[in-house]
Amino acid sequence: MRDRSDPTRWWQTMLAEELAHGRGFLLLPVFLGLGVILWFSATAAPPAWLSAMGPVLVALAIWTGRRGQGAGRTCLLVAGLVLSGFGLAHLESLRNATVILDQAVVTRLEGVVERREAVAGGRWRYTVHVLRTFEPVLSRPPERVALLWRAPHEPLASGTRIEGRVRLSPPSGPALPGLLDFGFTAYFEGTGAVGFFYGRPLILGVAEPPGGFLAGLHGALFDLRASIGQRIRDVVGGDAGAFAAAIVTDERRAISPATVEALRLAGLAHIVAISGLNMALAAGISFVGLRGALSLIPGFAERVPIKKIAALGALLLVTAYYLISGFGVSAERAYVMMVIMLASVLFDRPSISLHNVALAAVLILVLTPSAVLGASFQMSFAATVALVAGYEVWMRGGAWEDRGLLAGAHSFLGRLVLPLFGFAAGVLATSLIGMLSTTIFSLAHFHRLAAYGLAGNLAAMPLISIVVMPAGLVGMLLMPLGLDVPFLTLMGWALQGVIAIAETVAGWGGEVATGRPPAGFLPLASAGFLLLTLLRTRLRLLGLPLILAAVAMTIIPERASSPDLLVSEDGILVALLDGQAAATNRRRPSDFLYRQWQDALRIEQTSAPRLLSPPPDAAANRKAAPGIQRGSAQNKRIEQTEREPASTVTTTTDRQSQRAAAKVPLKAGEAETILQTLRRDAEKQPGRFVCLPSSGCLAITSQGATLITVEDNRLTGTACDRADLVIAPQARFDECRSGALLLSAQTLRRTGSLIVRFRDSRRVEDWRAEAAIMSHERPWSVHRSYDWRRRSFETDVPEPVRRLVSDSGG
């Protein structure tokens with residue numbers, strides 16, 4: 001019994017017990033990861049000398065510890081680990097140095113195919129190493145791009161040299177401040193732009209992959225991966241074939257969107273990616289199968305350590321699995337985990353322990369520190385930590401036999417029922433622990449929960465564990481001999497059952513939208529979760545109040561800070577909010593973008609704009625405008641300007657602006673008439689957009705402010721005189737002389753998407769805003785400040801917009 005009469009002594013006793021059981025080592029990846037997160041989250045890179053101080057402080061802590069100075073050693077060690085995390089993040093940033101395209105462009109590109117991935121409908125997505133660009137020449141071209149060939153075709157092999165006209169776009173930024181920045185992900189993946197081919201590209205032959213032997217080996221592995229995936233899809237067919245190929249090769253794009261959505265709603269999306277579950281099943285099946293086969297050889301098991309041979313065989317198999325997985329972050333993390341666990345068997349160490357999980361986390365942080373910010377890393381390690389911690393608690397509590405629960409288990413009925421009961425209990429416990437442990441991170445990243453995810457996992461996991469993975473494993477081993485068809489077919493039948501389960505559970509409509517939690521939710525809940533799972537004494541109970549406090553933060557309403565206006569980073573989509581209702585300026589907003597808005601802000605009702613018919617004189621004026629007729633002299637000059645080698649990036653917005661400028665001027669008073677017409681209808685329905693096709697939209701907010709979105713650039717000047725806020729992506733100037741707030745494409749490119757709060761006022765001076773892009777100093781966002789006309793980086797934002805954002809702390 002612990003003596004609790006002296007609280008100080010009681011705490012010291014528990015801390016000593018934690019340290020005696022090696023719990024201090026478990027905090028090593030925690031503090032390293034904290035340093036990584038702080039470095040990546042800073043608006044400007046911390047000084048390099050701070051990163052260099054990390055190893056120095058760790059060494060000093062070790063030296064201090066030898067002299068018995070425990071408290072000082074702990075402080076130095078924590079500071080050293082955090083600063084070492086700084087250093088790991090800094091080194092990864094320097095190691096990648098990816099050039100990201102600054103604006104969308106249509107150009108001709110010559111490059112070499114590095115890898116390919118199947119997409120639904122017989123199409124293929126290629127990663128291409130860029131050799132050159134022309135018509136126009138890009139002064140700041142990305143080194144590597146991802147291109148979709150939109151027509152069905154025979155796939156190209158790695159090393160194929162191609163040329164074609166392409167449309168390239170930079171990766172999109174956060175849909176809202178605080179959401180996922182695809183530019184950050186693309187930077188560390190090495191992809192500088194995404195796009196598609198116009199028509200069929202020219203095949204110029206075969207070239208040596210840039211990068212030498214290793215690059216060639218890398219390409220050969222990706223070709224093997226694509227061939228295996230295609231073989232599986234040909235044998236199985238349909239969504240089940242695409243699903244099977246995803247489990248084996250991690251090629252997920254070939255699965256139809258409907259099936260992906262059903263799997264997500266049923267809480268089964270984690271099966272698609274090669275993650276800890278897939279790798280653990282592959283390793284476990286091969287380990288148990290090989291060990292069982294070796295034990296059947298008379299006398300062999302007595303002379304040879306078959307457990308170590310089975311572990312070595314499983315290690316070779318998961319290595320092969322990883323090599324054909326596409327080297328994704330989740331596959332890399334799962335592979336490192338399996339290597340450590342199987343190596344523990346080889347060295348007679350416990351394979352399932354939190355120390356192994358911590359060691360795997362440290363290795364991942366050293367190899368790819370940026371992964372710690374991703375939902376995949378956080379959810380995977382949360383589930384693994386919770387499962388291993390639960391296993392250790394169960395083992396400390398004693399076996400079933402010790403509790404008298406298995407009396408009569410040696411009877412015939414006991415031997416028959418016990419394995420089934422144990423399997424069912426294991427599936428239930430694993431699914432429940434995995435679901436609960438990842439809930440925190442699902443709320444933080446996806447803003448919704450699958451209410452029937454537990455039911456979906458309980459129904460599907462037996463098929464995955466008993467049929468899908470064993471059949472897939474045997475099929476892969478027999479594929480070189482051409483004997484894989486029966487096993488791949490069986491795998492496909494089982495996956496059709498998984499898809500049917502997913503569609504059934506998804507049909508229950510149990511998805512719960514939770515909305516974006518407050519900023520402090522994830523740090524507070526994560527701290528509570530780590531205390532609860534990493535510690536073994538009653539100190540772990542300190543995690544419960546932290547988790548409860550984080551949950552309370554999501555329940556307490558934040559009406560005062562609710563957004564009133566959302567603006568996308570390109571200014572194309574705008575939404576006025578009133579609680580959980582939204583009014584948009586587009587009848588069919590981008591599903592990719594608007595879905596993120598709906599999830600983050602719990603938008604339940606959307607009002608489409610009211611469309612008006614254009615005035616007859618305006619329609620006739622546009623029809624007669626010589627500057628937009630096909631083959632006109634002005635249009636030819638525009639096309640020639642787009643093809644000049646001296647130009648760098650000519651975006652769609654730029655071309656629209658040029659063509660708008662080439663139109664004939666509006667008749668006297670026509671712009672005023674258009675805006676007055678829109679205003680008359682908008683005043684009848686405040687809070688809803690009224691739009692005139694090809695001209696723009698107007699809305700009157702509940703505060704009485706006038707908001708105009710401009711499509712025809714000729715209306716921008718008049719809109720500035722008649723509105724409080726003008727959103728004009730094609731505007732050729734950045735400020736309104738009238739004092740109205742203007743958001744142009746150039747401004748929005750530097751701020752990213754915006755959240756605006758009117759604060760019950762129609763005066764722009766009283767408004768506050770949050771910008772998605774807080775700094776252009778970080779390497780994954782510097783491309784947003786590049787001006788291709790001046791060939792320089794311009795970070796200035798118009799003063800009215802800067803004041804609007806900075807006054808809100810953004």
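Visitor: What makes Cys-720 and Cys-736 a disulfide?

Guide: A disulfide is a pair of cysteine sulfur atoms within 2.5 Å. The sulfur atoms of Cys-720 and Cys-736 are 1.9 Å apart, so the pair meets the definition. Before we go on: this is a predicted model, where local features need pLDDT of at least 70 and side-chain atom pairs count only at pLDDT 80 or more, while totals for chains, interfaces and linings use all residues. Residues are numbered from 1 along each chain as its sequence is written, and side-chain values use heavy atoms, with hydrogens and water left out.

Visitor: Why is the disulfide of Cys-720 and Cys-736 called left-handed?

Guide: Because the torsion about its S-S bond is about -45°. The pair links distant parts of the chain, with Cys-720 in helix H26 and Cys-736 in the loop between E17 and E18, 16 residues apart. Helices (H or I, at least four residues) and strands (E, at least two) are DSSP runs, numbered from the N terminus.

Visitor: Which other cysteines form a disulfide, and how far apart are their sulfur atoms?

Guide: Cys-691 and Cys-697, with sulfur atoms 2.0 Å apart. Their link is right-handed, with 110° about the S-S bond. The count comes to two disulfides, and counting bonded cysteines along the chain gives the pattern 1-2, 3-4.

Visitor: Why is Cys-75 called exposed?

Guide: Its relative accessible area is 56%. Buried means under 20% relative accessible area, exposed over 50%, and partly exposed in between (1.4 Å probe, protein chains only). Cys-75 is therefore exposed. By contrast, Cys-691 and Cys-697 are both buried, and so are Cys-720 and Cys-736.

Visitor: How do you know that Arg-116 and Asp-223 form a salt bridge?

Guide: A salt bridge is a side-chain nitrogen of Lys or Arg within 4 Å of a carboxyl oxygen of Asp or Glu. For Arg-116 and Asp-223 the closest N and O atoms are 3.1 Å apart, so the pair qualifies.

Visitor: Are Arg-116 and Asp-223 buried or exposed, and what makes them so?

Guide: Arg-116 counts as buried because its relative accessibility is 9%. Asp-223 has a relative accessible area of 19%, so it is buried too.

Visitor: What makes Glu-672 and Arg-722 a salt bridge?

Guide: Their side chains meet at 2.8 Å, N to O. Glu-672 lies in helix H25 (residues 670-684) and Arg-722 in helix H26 (residues 716-722), so parts 50 residues apart in sequence are tied together. Glu-672 counts as partly exposed because its relative accessibility is 21%, and Arg-722, with a relative accessible area of 40%, is therefore partly exposed.

Visitor: How many salt bridges does a search of the whole structure find?

Guide: It finds 28. One of them joins Arg-23 and Glu-392, the closest N and O atoms being 3.2 Å apart. That pair links helix H2 (residues 23-26) to helix H15 (residues 375-397), 369 residues apart, and both partners are buried.

Visitor: What makes E17 and E18 paired strands?

Guide: Two strands pair if DSSP finds at least two bridges between them. Four bridges join strand E17 (residues 725-728) to E18, and the two run parallel, so they pair. In E18, Ser-744 is the bridge partner of Ala-728.
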